[in-house]
Amino acid sequence: MAQAKDLLLRQQIASEHDKGATYSGLAQRYGMSYNTIRTICTRYKEFGVEGLVARYFNCGRSVVDGAERSFRLVRLIKHFHPAWGIGYILVRIRLAYPHLVLQSERHYQRRLSEDKSILPKPQLPSAGPAERSRLAHDTWQIDAKERIGMADGQERCFLNITDEKTAALLKAKGFSPGADLPGSPQ
């Protein structure tokens, strides 16, 4: 990546060029590229000493109009939903506000990591060794299986309830997908 040259060095290069030094000779002497030396000298000829001052306002990423507004929206949603990732938040914003101009996902991640007003990501308690039931009917497990294909081509959903200790099947219920919708046959 290019680095800004010191103002005194730029002035020295420009004054040596005014005294007759060539671009190639200056490039070898200062260990810079021919194009860098030429740019320094031509800017000095056009703008004087003001042309040698580094223009830092050209550095960095450009910020598009409305970027601050979209950042505030992302920050607000992240505040209310700290477990949501930035990618998911941006998808939700794009669906709700397709006209809003958004920056890259990484842009928001970087800015939010610098913003100390955001709540930290919630930490889930560490899962220690699972404690098993000691007696029958202490703990039941409920498991749902959706849209299982049957031999006749229809789909069925199943709900199973089992006892954790004995692994006994306590209840099993099968039903058609969408059976809970109004107007569907029970």
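Two strands pair if DSSP finds at least two bridges between them, and the strands themselves (E, at least two residues), like the helices (H or I, at least four), are DSSP runs numbered from the N terminus. Asn160, for instance, stands opposite Ala172 in E3. The model is a predicted one, where local features need pLDDT of at least 70 and side-chain atom pairs count only at pLDDT 80 or more, while totals for chains, interfaces and linings use all residues. Residues are numbered from 1 along each chain as its sequence is written, and side-chain values use heavy atoms, with hydrogens and water left out.

Back to the strands. E1 (residues 140–149) and E2 pair in the antiparallel sense, with eight bridges. Gly149 has Glu155 as its bridge partner in E2. The two strands make a hairpin with five residues between them, and Gly153 in the turn shows a positive phi of about 95 degrees. On to the next pairing: E2 and E3 (residues 169–175) also run antiparallel, joined by six bridges. That hairpin has five residues between its strands as well, and here Ala167 takes a positive phi near 60 degrees.

Leu159 sits in strand E2 (residues 155–163), and its bridge partner in E3 is Lys173. At 32% relative accessibility, Leu159 counts as partly exposed (buried means under 20% relative accessible area, exposed over 50%, and partly exposed in between, with a 1.4 Å probe and protein chains only). Together with Ile142 and Phe175, Leu159 makes a nonpolar surface patch of about 270 Å². Patches are made of residues with over 30% relative accessible area and no salt bridge; like charges are joined within 9 Å, and nonpolar side chains (Val, Leu, Ile, Met, Phe, Trp, Tyr) within 5 Å. The areas come from the Shrake-Rupley method with a 1.4 Å probe, and for residues only the protein chains shown count as cover.

Next come the charges. A salt bridge is a side-chain nitrogen of Lys or Arg within 4 Å of a carboxyl oxygen of Asp or Glu, and by this rule the count comes to four. One of them joins the side chains of Glu16 and Arg29 at 2.5 Å, N to O. Glu16 belongs to helix H1 (residues 7–18) and Arg29 to helix H2, so this pair ties together parts that are 13 residues apart in sequence. Glu16 is buried at 16% relative accessibility, whereas Arg29, at 55%, is exposed. Another salt bridge links Glu155 with Arg147, whose closest N and O atoms are 2.8 Å apart. Here Glu155 is partly exposed at 37%, and Arg147 is exposed at 52%. Asp143 and Lys145 also meet through their side chains, at 2.7 Å from N to O.

As for the rings, the whole structure holds two aromatic pairs. Rings of Phe, Tyr and Trp (its six-membered ring) pair if their centres lie within 6.5 Å; planes under 30 degrees apart count as stacked, over 60 as edge-to-face and the rest as tilted. Tyr23 and Tyr34 have ring centres 5.6 Å apart and planes at 85 degrees, so they are edge-to-face. This pair links distant parts of the chain, with Tyr23 in helix H2 (residues 23–30) and Tyr34 in helix H3 (residues 34–47), 11 residues apart. Tyr23 is buried at 17% relative accessibility, while Tyr34 is partly exposed at 39%.
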